[in-house]
Amino acid sequence: MTRWTKKREMPAAVFESYPSWAVALSNGLSLSIYALGSVIVARLGWGFLAAYLVFLAYLEVHLLARGCVHCTYYGRACFSGKGLVASWLFKRGDPSRFASRKFTWLSLLPDMLVVLIPLGAGLFLSIRRFDWLLLSLMVGLIILAFPGNGCVRGRLACRYCRQRELGCPAEELFRRRERERARSRGLTTQGCP
Ligand code: SF4
């Protein structure tokens with residue numbers, strides 16, 4: 001059952017367990033990005049599609065085994081539901097390791113490749129033979145992966161996350177970038193990009 005807890009520095013509250021609509025929204029977004037990426041990569045051939053799908057599966061399992069097992073949401077529904085899935089597949093890790101992990105922009109490269117691989121494939125195919133449908137797929141992918149993901153993360157996932165309070169290297173990296181952007185614009189706000 002979803003429970004809200006008032007916290008002093010949080011914008012409103014944190015979810016001890018995210019509601020099913022939030023998990024559905026988050027997974028709907030991720031699956032849409034994976035589906036668009038797969039449709040674009042499939043135009044290169046079945047071999048490329050198979051390699052891309054193996055890469056996606058590897059990223060998901062790696063995240064569950066290396067990240068989610070140490071998260072405070074282990075055994076509960078985080079925004080993506082992976083806290084629950086990790087508890088079905090792997091033993092609980094060490095919660096102190098979650099916040100102490102080193103996280104840089106380079107750490108984001110594998111996640112970025114989920115989008116960069118299909119965009120690179122789409123660009124390559126477009127140069128060979130322009131196709132409006134392919135261009136629409138690429139634009140849709142960019143919208144979902146950047147503003148879409150940023151919005152869900154900023155307004156739902158990280159915003160109400162208990163782990164954020166306890167320490168999250170990824171969120172700190174994003175927040176640092178937001179602060180730098182806001183400073184360069186003379187602003188102090190945070191939100192969807
Ligand atoms: S703060 Fe954001 S990135 Fe960090 S664990 Fe929570 S939802 Fe994930």
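Reader: Is the crossing of helix 1 and helix 2 left-handed or right-handed?
Author: In this predicted model, the axes of helix 1 and helix 2 (residues 46-66) come within 8 Å and cross at roughly 155°. That angle makes helix 1 roughly antiparallel to helix 2. As for its hand, the crossing of helix 1 and helix 2 is right-handed.

Reader: Which residues of helix 2 are met by residues in helix 1, and how do the residues of this contact divide by class?
Author: On the side of helix 1 stand Tyr 34, Gly 37, Ser 38, Val 41 and Ala 42, and they meet Phe 48, Leu 49, Tyr 52, Leu 53 and Leu 56 in helix 2. Divided by class, the residues of the contact of helix 1 with helix 2 are 8 nonpolar, 2 polar and no charged.

Reader: Is helix 1 roughly parallel or roughly antiparallel to helix 5?
Author: The axes of helix 1 (residues 20-42) and helix 5 (residues 109-128) come within 9 Å, and they cross at roughly 30°. Because angles under 35 degrees count as roughly parallel, this value decides the matter, and helix 1 is roughly parallel to helix 5.

Reader: What is the hand of the crossing of helix 1 and helix 5, and which residues make the contact?
Author: The crossing of helix 1 and helix 5 is left-handed. From helix 1 the contact takes Ile 33, Gly 37, Ile 40 and Val 41, while helix 5 provides Val 114, Val 115, Ile 117, Pro 118, Ala 121 and Gly 122. By class, the contact of helix 1 with helix 5 has 8 nonpolar, 2 polar and no charged residues.

Reader: Are helix 5 and helix 6 roughly parallel or roughly antiparallel to each other?
Author: The axes of helix 5 and helix 6 (residues 132-157) come within 10 Å and cross at roughly 160°. Since angles over 145 degrees count as roughly antiparallel, helix 5 and helix 6 are roughly antiparallel to each other.

Reader: Does Ser 80 count as buried or exposed?
Author: Ser 80 has its place in the loop between helix 2 and helix 3 (82-89). Leaving aside its neighbours within four places in sequence, Ser 80 is in contact with Val 23, Ser 26 and Asn 27. Because a residue with 20 or more other C-beta atoms within 10 Å is buried, and Ser 80 has 22 C-beta neighbours inside 10 Å, Ser 80 counts as buried.

Reader: Which residues are around the ligand, and which elements give two or more residues to that shell?
Author: Around the ligand are Phe 79, Ala 157, Cys 158, Cys 161, Gln 163, Arg 164, Cys 168, Ala 170 and Glu 171. The elements that give two or more residues to this shell are helix 7 (162-166) and helix 8 (169-185).

Reader: How many helices and strands are there in the chain?
Author: From the N terminus on, the elements of the chain run β-β-α-α-α-α-α-α-α-α. Counted by kind, there are 2 strands and 8 helices.

How values were computed:
Residues are numbered from 1 along each chain as its sequence is written. This is a predicted model: local features need pLDDT of at least 70, side-chain atom pairs count only at pLDDT 80 or more; totals for chains, interfaces and linings use all residues. Helices (H or I, at least four residues) and strands (E, at least two) are DSSP runs, numbered from the N terminus. A residue is near a molecule or strand if its C-beta atom, placed from the backbone, lies within 6 Å of it. Axes are lines fitted to C-alpha atoms, for helices over the stretch in contact, and angles run from 0 to 180 degrees between N-to-C directions. Angles under 35 degrees count as roughly parallel, over 145 as roughly antiparallel, 65 to 115 as roughly perpendicular and the rest as oblique. A crossing is left-handed if the near helix is turned anticlockwise from the far one by less than a right angle, and right-handed if clockwise. Two residues are in contact if their C-beta atoms, placed from the backbone, lie within 7 Å. Ala, Val, Leu, Ile, Met, Phe, Trp, Tyr, Cys and Pro count as nonpolar, Asp, Glu, Lys and Arg as charged, and the others, Gly among them, as polar. A residue is buried if 20 or more other C-beta atoms lie within 10 Å of its own, exposed if 12 or fewer, and partly exposed in between; C-beta atoms are placed from the backbone.
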